[in-house]
Amino acid sequence: MKLIKQNKRTSILLGAAFLMATSSIGPGFMLQTAAFTAELKAEFGFAIVLSIIFSIIAQLNVWTIISVSDKRGQDIANQILPGLGYVVAFLVALGGLVFNIGNIGGASMALHIVAGIDINIGAAISGIITMLLFILPKAENILDGTSKILGMVMIALIGFIAYSTDPPVKLAITHTIMPDYIPWLATLTLIGGTVGGYITFSGGHRLIDANITGKENLHHVRQSAFWGILIDAFVRVLLFLAVLGVVTSGALLDPKDPIGSTFLIAAGSFGYMIFGIIFLCASLTSILGAAYTSISFCKTLFPIINKYEKSVIMLFIAISTFILIFIGKPVSLMIVAGTVNGFILPITLSVMLIATRRKDIVGDYLHPKVLYYLGWVVVLITAYIAVISVHSIFKLF
């Protein structure tokens, strides 16, 4: 039985939850929320709630099996079907790398807003800052702390702007409970953005590194998984209310920068500065989450990566930064990454659900039937997301 002091365990569990949530809350998350709110108004609240329910199902299934088996996603996949773990690891690393290019781009744009720094110089600064965090001793603890601090900063600042816009809360609640129509496309997109690709594994793999696994820790692991989705949902709701307050007042958002214009309309130049700070926090935490989790999918498959894990994570960030500065086109690349990531969750969640029936993986653990069957519902839904997103690739050519 793994014995960890209660205070330290709670800190790690909360850190894993914030790592998962802040990995999700990146530049794409913010832009997506603003665009959907501007289009769907109060109806978007229903999409948020439905996506939260499906995301909780997916994450509880994944983190439960990771904990009970004490194995990472790629190792479980290899045990189910030899070689599948390598395929999953490649897809996760590729998707994480391309998304990190967008995250670096978001951080550089934020530095330009906050301090007027040149975009390319801002990209280099962002890459260097995040790489340096992995040089420091006890980098895992720093990763937890950074995710928590920047996550709380985002919540506080977004909450302030949401309050400033005076959103129609009653209208939002009414249409969330009884929408005039069901925005299925937005719901499906949110599920992919919340637990798609590497995101749902980020906190789970962190708990393996911290030795918080096994049936004796299952309650705590599930609690952490639940926290992660709630943190993500809380930020999404605050952003939704902030944008809703602006659009229902009659103001028009800039279609090229819907989220930035929300903050500008809400609080003028001061609000736009706050947006820059939030965007910087969101980008930096997503860089850390994408790099850490992408490499965590490779380190048990390749001994050299496990031996030089921190150096490989830094190289991963450096490559992302280099590509953004010298090649660019982060938007086009993120469309490709989004399509690739769309196939990861249905594959990995299927693997986890199959693993619940394998005693050589989970031993005598009995997985709840409700969680099992609801998990397959999420598999079908996310598989549908993957299929309908394929056409996005062709728009690039």
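This is a predicted model: local features need pLDDT of at least 70, side-chain atom pairs count only at pLDDT 80 or more; totals for chains, interfaces and linings use all residues.
At 0% relative accessibility, F201 counts as buried. F201 lies in helix α10, whereas its partner F297 belongs to the loop between α12 and α13, so the pair ties together parts that are 96 residues apart in sequence. F297 is also buried, because its relative accessibility is 0%, and the cut-off for burial is under 20%.

The two residues meet through their rings. In total, the model contains 11 aromatic pairs. For F201 and F297, the ring centres are 5.1 Å apart and the planes stand at 80°, so this pair is edge-to-face; the reason is that an angle over 60 degrees between the planes places a pair in that class.

Helix α10 spans residues 199-209, and it is mostly covered, with 10 of its 11 residues buried. Among these buried residues are I199, T200, G203, H205 and L207, as well as R206 and I208. D209, by contrast, counts as partly exposed because its relative accessibility is 25%. Just after the helix, N211 adopts a positive phi of about 60°.

Side chains of opposite charge can pair when their charged atoms come close. The structure has 6 salt bridges, and D209 takes part in one of them with R72, at a distance of 2.5 Å from N to O. That pair connects distant parts of the chain, since D209 is in helix α10 and R72 is in the loop between α3 (44-69) and α4 (73-80), 137 residues apart. R72 is buried, because its relative accessible area of 7% falls under the limit of 20%.

To which other residue is D209 joined by a salt bridge? The partner is K299, and the closest N and O atoms of this pair are 3.0 Å apart. K299 counts as buried, its relative accessibility being 6%.

K299 in turn forms a salt bridge with E309, where the closest N and O atoms are 3.1 Å apart. Here the link runs from the loop between α12 and α13, which holds K299, to helix α14 (residues 309-326), which holds E309, and the two residues are 10 residues apart. Both K299 and E309 are buried. Taken together, R72, D209, K299 and E309 are linked in a network of salt bridges.

Helix α14 also contains a ring pair. The centres of the rings of F322 and F326 are 4.6 Å apart and their planes are at 35°, so the pair is tilted. Because F322 and F326 are 4 residues apart in helix α14, they are separated by about one helical turn. F326 counts as exposed, since its relative accessibility is 60% and the threshold for exposure is over 50%.

Elsewhere, ring pairs link F263, Y272, F275 and F279 into a cluster. Two of these residues, F275 and F279, are also in contact with M30, as are L239, I259, I278 and A282, when the neighbours of M30 within four places in sequence are left aside.

R236 lies over the face of F29, at 3.9 Å from the ring centre. In a second case, R357 is placed over the face of Y372, with a distance of 3.8 Å from the ring centre.

Finally, the cysteines may be considered. A disulfide is a covalent bond between the sulfur atoms of two cysteines. How many disulfides does the structure hold? The number is 0. C281 counts as buried because its relative accessibility is 7%, and C298, at 11% relative accessibility, is likewise buried.

Conventions:
Residues are numbered from 1 along each chain as its sequence is written. Side-chain values use heavy atoms; hydrogens and water are left out. A salt bridge is a side-chain nitrogen of Lys or Arg within 4 Å of a carboxyl oxygen of Asp or Glu. Buried means under 20% relative accessible area, exposed over 50%, partly exposed in between (1.4 Å probe, protein chains only). Contact means heavy atoms within 4.5 Å. A disulfide is a pair of cysteine sulfur atoms within 2.5 Å. Rings of Phe, Tyr and Trp (its six-membered ring) pair if their centres lie within 6.5 Å; planes under 30 degrees apart count as stacked, over 60 as edge-to-face and the rest as tilted. A charge sits over a ring if NZ of Lys or CZ of Arg is within 6 Å of the ring centre and within 35 degrees of the ring normal.
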